[in-house]
Amino acid sequence: MSAPVIVSACRTPIGTAFKGTLTQTSALDLAGVVLAEAVERSGAPADAFDDVILGESMYGGGVIARYAAVAAGLTEVPGMAVNRHCATSLSSLCMAAGSIAAGMDQLVIAGGVTSASTAPRTLWRIGVSDEWEEAFSPSHPDRADAPNVDMSVTVGWNAARSRGVSREEMDDWAHRSHERAVAAQDAGLFDSEIVPVPVLLPDGTTARFERDEHPRRGVPREKLAALKVLHPEIEGFSITAANSSGVNDGAAALAVASEARSGELGLPVLGRVLSWASVGVDPHDTGLAPIKAIPLALKRAGLSIADVDLWEINEAFAVVPLVACRELGIDDGIVNVSGSGCSLGHPIAATGARMVVTLTHELGRRGGGIAVAAMCAGGGMGTAVVLDIASV
């Protein structure tokens with residue numbers, strides 16, 4: 001089977017949830033913008049697409065993929081909703097690539113969207129009473145050592161404690177993440193991957209949102225050290241808002257095709273999806289899941305750590321890529337070179353696709369090569385995808 005090819009890759013700017021520019025822009029609208037752009041950039045006619053697969057974590061049901069397809073004029077293209085928590089849009093890409101590799105589909109849009117700002121809230125009944133409380137659907141059965149509503153403990157603190165990672169190391173990683181994100185912005189490195197989003201301003205006028213707003217410029221390293229930890233009541237706790245990812249809004253999408261269809265329609269080939277792997281671990285070890293997923297995905301591609309030219313390992317917490325680099329022997333100089341969750345933010349269902357979009361553009365500028373996108377996911381899961389990126 002020939003490897004599925006990426007024929008377009010784009011994303012919205014990432015907004016800071018609840019207080020940023022996208023607070024009044026729904027996931028439906030974000031998905032519509034990025035899907036239409038993915039179609040436009042591919043150069044394929046709308047009626048050539050076979051499916052739309054979008055992740056939509058925390059959005060209360062419905063199928064945003066179908067909504068966005070109709071809104072973008074792809075009326076005869078179905079849509080599918082996917083949810084694997086943080087690895088949602090990476091899994092969307094894997095599903096699209098798998099269907100194409102199997103010969104079932106020829107051209108599919110895959111990606112994800114999260115609007116934490118406008119996500120509906122779930123009400124759960126309290127026992128058998130008529131009283132209700134607000135809640136999020138849990139990622140796994142609740143446990144004292146792995147709370148299902150507090151990932152700062154389940155993902156961040158558990159990983160840091162079990163692997164002996166200090167707060168200083170995590171703060172250093174987070175500080176560098178912001179420096180890299182700001183440097184990438186200043187160099188215009190995100191310009192080719194971002195599609196502007198029209199937003200409504202409080203005065204009733206509209207504007208174009210076209211720049212990630214979560215990275216912080218010029219934050220002194222010592223300011224990170226002065227931040228309070230999220231759980232001061234836990235002895236030795238080292239997770240802070242700074243060495244954690246943000247709460248964000250955003251969307252990302254990729255058009256994926258068979259080599260035959262891309263050649264038939266004259267579509268650009270930005271890269272190939274070589275392999276992927278999703279794994280489960282004990283929820284207590286969620287932050288360590290990439291350590292298991294990465295070698296499996298590389299093995300399936302017949303490659304090794306040394307073959308990889310560029311990495312994206314999501315900073316759900318700074319400890320996640322830090323531990324993955326340490327234990328797998330990855331050079332952290334080629335990991336998250338333009339920032340990640342701590343700086344760019346983490347719009348949960350969109351982050352995986354955002355990572356692939358960034359890898360596609362950045363490694364393409366560098367002359368192409370092998371790239372890996374990997375992340376942990378709530379509930380004790382992890383996903384990794386191996387790509388062969390073409391030179392641009």
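**Ground rules.** I number residues from 1 along each chain as its sequence is written, and side-chain values use heavy atoms, with hydrogens and water left out. Because the model is predicted, local features need pLDDT of at least 70 and side-chain atom pairs count only at pLDDT 80 or more, while totals for chains, interfaces and linings use all residues.

**Entry 1: the cavity.** I searched the whole structure and got 1 cavity of 30 Å³ or more. A cavity here is a set of points on a 1 Å grid over the protein atoms alone where a 1.4 Å probe fits but cannot get out, and lining residues have an atom within 4 Å of a point. Grid points are joined across faces, edges and corners, and volume is the space filled by probe spheres set on the points. The largest cavity holds about 30 Å³ of space.

Which residues line the largest cavity? I listed R11, T12, I14, G250, A251, A252, P347, A350 and R354. By class, the lining has 5 nonpolar, 2 polar and 2 charged residues (Ala, Val, Leu, Ile, Met, Phe, Trp, Tyr, Cys and Pro are nonpolar; Asp, Glu, Lys and Arg are charged; the others, Gly among them, are polar). β10 (248-257) and α10 (348-365) each give at least two lining residues, and β10 has the largest share, with 3 residues. Helices (H or I, at least four residues) and strands (E, at least two) are DSSP runs, numbered from the N terminus.

**Entry 2: S340.** I found S340 in the loop between α9 (319-328) and α10. Is S340 buried or exposed? It counts as buried because its relative accessible area is 0% (buried is under 20%, exposed over 50%, partly exposed in between, with a 1.4 Å probe and protein chains only). Beyond four places in sequence, S340 touches S177, E312, I313, N314, E315, G345 and R354 (contact means heavy atoms within 4.5 Å). R354 also turned up in the cavity lining. The S340 side chain reaches the backbone nitrogen of E315 at 3.1 Å (a polar contact is a pair of N or O atoms within 3.5 Å; within protein, one must be able to donate a hydrogen and the other to accept it, and residues adjacent in sequence count only if both atoms are side-chain atoms).

**Entry 3: S244.** S244 sits in the loop between α6 (221-226) and β10. S244 is buried, because its relative accessibility is 7%. A polar atom of its side chain lies 2.6 Å from the backbone oxygen of T240. V319 is 75 residues away along the chain, with the C-alpha atoms of S244 and V319 8.7 Å apart.

Technical notes:
1 Å grid on protein atoms, 1.4 Å probe; cavity = no way out; pocket = protein on both sides within 12 Å on 5 of 7 lines; lining within 4 Å.
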